Amino acid sequence: MLTAIDRKILRTLQSNGRISFTELGKQVGLTTTPCIERVRKLEREGFISGYSGMLNPEQLEAGLIVFVQISLDRSSKQNFERFKRAVAKLEQVQECYLVTGSFDYLIKARVKDMKAYRDFLEDTLLSVPGVQDSTSIAVMEAVKETLTIPVPAT
């Protein structure tokens with residue numbers, strides 16, 4: 001069960017994962033040692049699954065976001081397993097979801113530009129065994145992009 005302080009810790013770490021334990025403790029009303037103990041407990045219990053830095057995709061030549069709807073040949077369950085294994089290895093793919101509806105997977109990919117996307121689609125994604133069809137949606141402007149998860153008040 002999360003306490004009010006645990007919730008404050010989670011909210012604070014989501015907005016600033018580099019905060020020191022001393023500063024985090026001040027912000028949530030704890031001294032440093034109990035703050036460290038709470039964070040370690042939240043990590044052990046799986047509330048905190050890791051830490052990462054947010055990188056600027058433009059600086060790293062990955063400014064184009066493309067969503068790709070993938071349909072698989074459904075004649076074999078193995079196609080789904082093969083697809084999952086293959087897509088997990090693709091560095092351009094940031095997210096991949098098995099979904100309901102008229103296609104099977106929704107992928108979010110980041111690449112340099114449209115040419116890089118075309119190469120990725122034709123040479124890599126469409127060559128995965130079992131891929132039957134795809135529809136691409138290029139993003140013109142990212143209005144909101146976040147990894148933040150709402151932490152309930154109670």
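The legends below describe close-up views of a predicted model. Local features need pLDDT of at least 70 and side-chain atom pairs pLDDT 80 or more, while totals for chains, interfaces and linings use all residues. Residues are numbered from 1 along each chain as its sequence is written, and side-chain values use heavy atoms, without hydrogens and water.

**View 1. Helix H1, residues 4–15.** Helices (H or I, at least four residues) and strands (E, at least two) are DSSP runs numbered from the N terminus. Asp6, Arg7, Ile9, Leu10, Thr12 and Leu13 are buried (under 20% relative accessible area, 1.4 Å probe, protein chains only). These buried residues pack against helices H2 (21–28) and H3 (32–44).

**View 2. The crossing of H1 and H2.** The two axes, lines fitted to C-alpha atoms over the stretch in contact, come within 10 Å and cross at roughly 130 degrees (on a scale from 0 to 180 degrees between N-to-C directions). Contact (heavy atoms within 4.5 Å) involves Ile5, Lys8, Ile9, Thr12 and Leu13 of H1 with Leu24, Gln27 and Val28 of H2.

**View 3. Strand S1 and its partners.** Seven of the nine residues of S1 (residues 64–72) are buried. Strands pair if DSSP finds at least two bridges between them. S1 runs antiparallel to S3 (residues 105–111), joined by seven bridges, with Leu64 opposite Val111. Seven bridges also link S1 to S4 (residues 131–138) in the antiparallel sense, and Leu72 has Val131 as its bridge partner there.

Methods:
Buried means under 20% relative accessible area, exposed over 50%, partly exposed in between (1.4 Å probe, protein chains only). The expected span of a helix is 1.5 Å times one less than its number of residues.
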